[in-house]
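Morning, everyone. I'll talk you through it piece by piece.

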Amino acid sequence: MIVGKTRIQLEARLTSPRWLIVAVPVLSVLLASVVGGVFLLLTGHPPLRTYGDLLNNGYTSFYGLTDTLGLATPLICTGMAAAFAFRMNLYNIGQEGQLYLGMVGGAWAGIALAPHLTPFIAVPVVLVTGALFGAAWVLVPALLRARLGTSEIVSTLLLNYVALNLINYFIFGSRGFFRDPSTPFPQGRMIYESARFGAFGTTNTYPTLLISMFLAVFLFWFVRSSNYGYETSVFADSPSTARYAGMNSTWLTTSVLLVSGSLAGLGGAMYVVGPAGKVDPGLLQIGLGYAGIVVAALARYNFVAVILTAILFAGLRVGGSALQASSDPVPIAIAVVLQGAVLLFALGGELFRRNRVVITRVIESHQVMVGEVS
Amino acid sequence: MNASSEATQGSHRENGATPFALSARNVTKKFPGVVANKQVNFDVARGEVHTLLGENGAGKSTLASILSGLYRPDEGTVLRNGIEIRLTSPRSGLSHGIAMVHQHFRLVDRFTVAENVVLGSKGLTFVLQPKDIEAKVAEVCEKFGLPLDPRAVVGELSAGQRQRVEIIKALYHGAEVLLLDEPTALLAPPEVVKLFETVRAMTSAGKSVVFVSHKLGEVVDISDRITVMRDGKVTGSVKRGGANASRLAELMVGREITLAPRRGKSDSGEVLLSVSQVHLSHDQIKILSDVNIKVRGGEILGIAGVSGNGQRDLAEVISGLRQPNKGAVTVCGVPTSGLGARATRKAGLAYVPEDRLGTGLAPSLSMVDNLLLTRERGFLVDRKSALTEAEGFIEKLEIKTPGPLTSIRKLSGGNAQKVLLARELFSGDMSRVLVVCSPTRGLDVGAVEAVHTLLDEARKNGKAILLISEDLDEVMTLADRVIVLYRGKIVLEARGVSEDFEAVGRAMAGLSA
């Protein structure tokens, strides 16, 4: 691009300095706040005070932070689900649906199996069942992708709508197994108490947070050190190299998608074990599945970073909701605008991590355009 | 103009009476991390064939791209008939009569020859008039002796014919100076001869041709002048008759190199690889028919042939990646057909595929991770021993890399190939059979020598090597025996050194010997 006598060019970096890895996300959050600030000004809310409230409600107050951690718990799961598949270039964007199915599976286990189990293993059974249901929801897209090369993006996305309608049917459309029989009001049937975790004190944080954080650290180690992680990196980099080395691509593709689905399903089951205790259509409004994709992208598919980005996002959501309920209500949409802006700036920042901007002065020499040359 | 054999430093020379058709003056072009051209001077006279010779990465393609308008120089100027011009795009180059034919053709497969030729020209009628266009294209074909049917669909043409389409396209658009980038890379020997005839026809019509090449052998015949580049600089310029292959090679690599053939000592080793009566077809199209091969320990069997005559499929069948419809493959006495790649490797086969970065190596992963690729791995990967191994290879094979943890993509082609060969030759269980495909394609002369030495050493150590290569020179330099594959069949089996080079060349082109 040439502006006046100055030429602005992007040049690929041969090495990225380490400080940029930190600077880019920090700057993207700051720039996103500026953009959000413009929206706040336009809607007549003082940006600084609103941000102060947001920070306080989302992160810096005790209950704000514990609410945020509670919401981050399933978000870490869907973030890991996206990261696990995306790092192998398998774009499972059906975390939303897999999360709902995890909720359904968890609730089923919590109602049907829990009475026959000792309390000690009831919770793990609920969580594992939820994970299995999440995996089952991605089984068909996984097999289609592995066997026929069908785009998993389309199939997993469409199944989200099926899952959504399934939940609505269970609670609103039928008097079936998952609906509370004791009241005409449409709500889910509670699972057995023995299959639930209590919250930490009076907070909204549950022990499941520790499980999802532990899983994230484990996966961080697993993909780097295990043969399975190694094979997926080779396959992601070059499928033809994986074939050359005799790796089983059908197995790799299928298993990665199943693990991804089970992680999202686990997130749904954690919601059942923790705050909800039932199939809760209220979860549908939060969009934890899609947010997981954003969380994974911001973390650049690094599982430990997923913990941090999930907490960042959950805080925006919690703080945003609190603003809505304050004396000077700020629409929740502003939090969504902020989320979107953070993502856009972070992805845009990647450009500057990989390239540097070179500004040179154009020196006009007496070069001539020759019009007619025979 | 005397034909002295002295190389003149650069070719910076002003010619008062007749200006050069095209010149570069003090051209410098930088890319991130490299200076591709440093103060380069280059002149092409009217009616001459001027070859730009150099190793890969010497900067010759960059120079050609600057001369044709694809790149703009950071410093320096381009002159056309002695007048400074400023090229902003290949189209502006064409408006000055300069056209470049790229190594990888830029044609639309589904269009006819005529449609491809007129593509991009101004002043076409809204509704195309195919008959008029075809007539005009046929006219150009005839004028320069380029036999081609204007109505043929490009997708069905051979590489040589496609190249002709590119040349016709340039001529149709009024090109006076043609830059041909590695024009012989995809051609069989008889097609090269035809190309040279075309080039001669063009120069006698007063047009200038710039031949960009790294193949020493063939450019000596065709060129009126050869300018050699190394590391972005012009190292010398030699006129016709003054060129001597070893002197040019020295200018290219900056030191003396040997191009002498290498042979194994005896053929008394035991048969380590045998392929018997292998047939392979895909969608009812025969790819391999009745292929029989035996390779003994301590010998290199060369398979020559133009790309696409079943060589790659044969390599995949032998390495267990594909299953033949009929026939058997035996590696070190173990029948391996149908067992898959891992089992075949276990039986003692190492395989260096043609596509080294996309198949043999995982380009984004490190050298350490790439060494792990063909190893037996447990639940956890053992990077420590691979790291030690990588450091050993870097030292022993003089692999130029920032370190064993740098991704392979950042290595030059030659160094990447060294990593691949090191893994396949020395890593793990020390396989006894090696299948190598086009091991030196795209490598510079120095790297070619290193690869050939590695293969020669492996032969001396008693390995059975099957060398599949399109580069006939390479096969003739290294192999103890040569087989020519044409349309999936063995059409010629040549024993020993003395076999006629020309017979192999003819067999490659499908002409009966």
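Strand S16 of chain B, residues 349-352, runs parallel to S17(B), and four bridges join them. This is a predicted model, so keep that in mind throughout. Look at one pair here: Ala350(B) stands opposite Leu434(B) in S17(B).

Stay with S17 of chain B, residues 433-437. How many of its residues are buried? Five of five, so this strand is mostly covered. Now check which way they point. Val433(B), Val435(B) and Cys437(B) go one way from S17(B). Leu434(B) and Val436(B) go the other way. Residues on both faces are buried.

Next, the other partner. S17(B) pairs with strand S18 of chain B, residues 464-469, in the parallel sense over five bridges. Find Cys437(B): its bridge partner in S18(B) is Ile468(B). Between these strands comes helix H15 of chain B, residues 445-460. S17(B), H15(B) and S18(B) together make a right-handed β-α-β unit.

Now a sheet with the other kind of pairing. In chain B, four strands form an open sheet in the order S12-S11-S14-S15, and the pairing is antiparallel. Why are S12 and S15 of chain B left without a neighbour on one side? Because they stand at the edges, each with a single partner strand. Strand S15 covers residues 334-335.

Inside that sheet, take S11 of chain B, residues 271-282. Eight antiparallel bridges join S11(B) to S12(B), residues 285-296. One pair to find: Val271(B) has Arg296(B) as its bridge partner in S12(B). S11(B) and S12(B) form a hairpin, with two residues between them. In that turn, Asp283(B) has a positive phi of about 50°.

S11(B) also pairs with S14 of chain B, residues 326-331. That pairing is antiparallel too, over five bridges.

On to a helix. H1 of chain B, residues 60-68, is mostly covered, with nine of its nine residues buried. Among them are Lys60(B), Leu63(B), Ile66(B) and Ser68(B). After H1(B) comes Gly69(B), whose phi is positive, near 95°.

Let me stay with phi for a moment. Most residues other than glycine have a negative phi. Glu182(B) goes against that: it is not a glycine, yet its phi is positive, about 45°. Where is Glu182(B) found? In the loop between strand S7 (177-181) and helix H6 (189-204) of chain B. Glu182(B) counts as buried because it has 20 C-beta neighbours inside 10 Å.

Tyr301(A) is not a glycine, but has a positive phi of about 60°. Tyr301(A) sits in the loop between helix H11 (288-298) and helix H12 (303-324) of chain A. Is Tyr301(A) buried or exposed? Buried, because 20 other C-beta atoms lie within 10 Å.

Chain A next. Its domain assignment gives domain 1, at 1-43 + 331-374, and domain 2, at 58-310. Their C-alpha centres lie 35 Å apart.

How do the two chains meet? The contact takes 22 residues from chain A and 34 residues from chain B. On the chain A side, the elements giving two or more residues are strand S2 (6-12), helix H8 (227-237) and helix H9 (239-244). H8(A) gives the most, with five residues. By class, that side of chain A has 10 nonpolar, nine polar and three charged residues.

Last, confidence. Chain A averages a pLDDT of 87, and 93% of the residues score at least 70. Which element of chain A has the highest confidence? Helix H7, residues 208-225, at 96. Confidence in chain A is lowest in strand S1, residues 2-3, at a mean of 64. One stretch needs a flag: over residues 364-374 of chain A, pLDDT stays under 50. For that stretch, the model has 11 contacts beyond four places in sequence.

That's my tour. Over to you.

Methods
Residues numbered from 1 in each chain as written. Chains lettered and ligands numbered in written order. Predicted model: local features only at pLDDT ≥ 70, side-chain atom pairs only at ≥ 80, totals over all residues. Domains from an automatic or database assignment. Buried ≥ 20, exposed ≤ 12 C-beta atoms within 10 Å, placed from the backbone. Pairing = 2+ DSSP bridges. Right-handed = clockwise from strand over helix to strand, strands pointing away. Contact = placed C-beta atoms within 7 Å. Nonpolar A, V, L, I, M, F, W, Y, C, P; charged D, E, K, R; others polar. pLDDT = per-residue confidence, 0-100.
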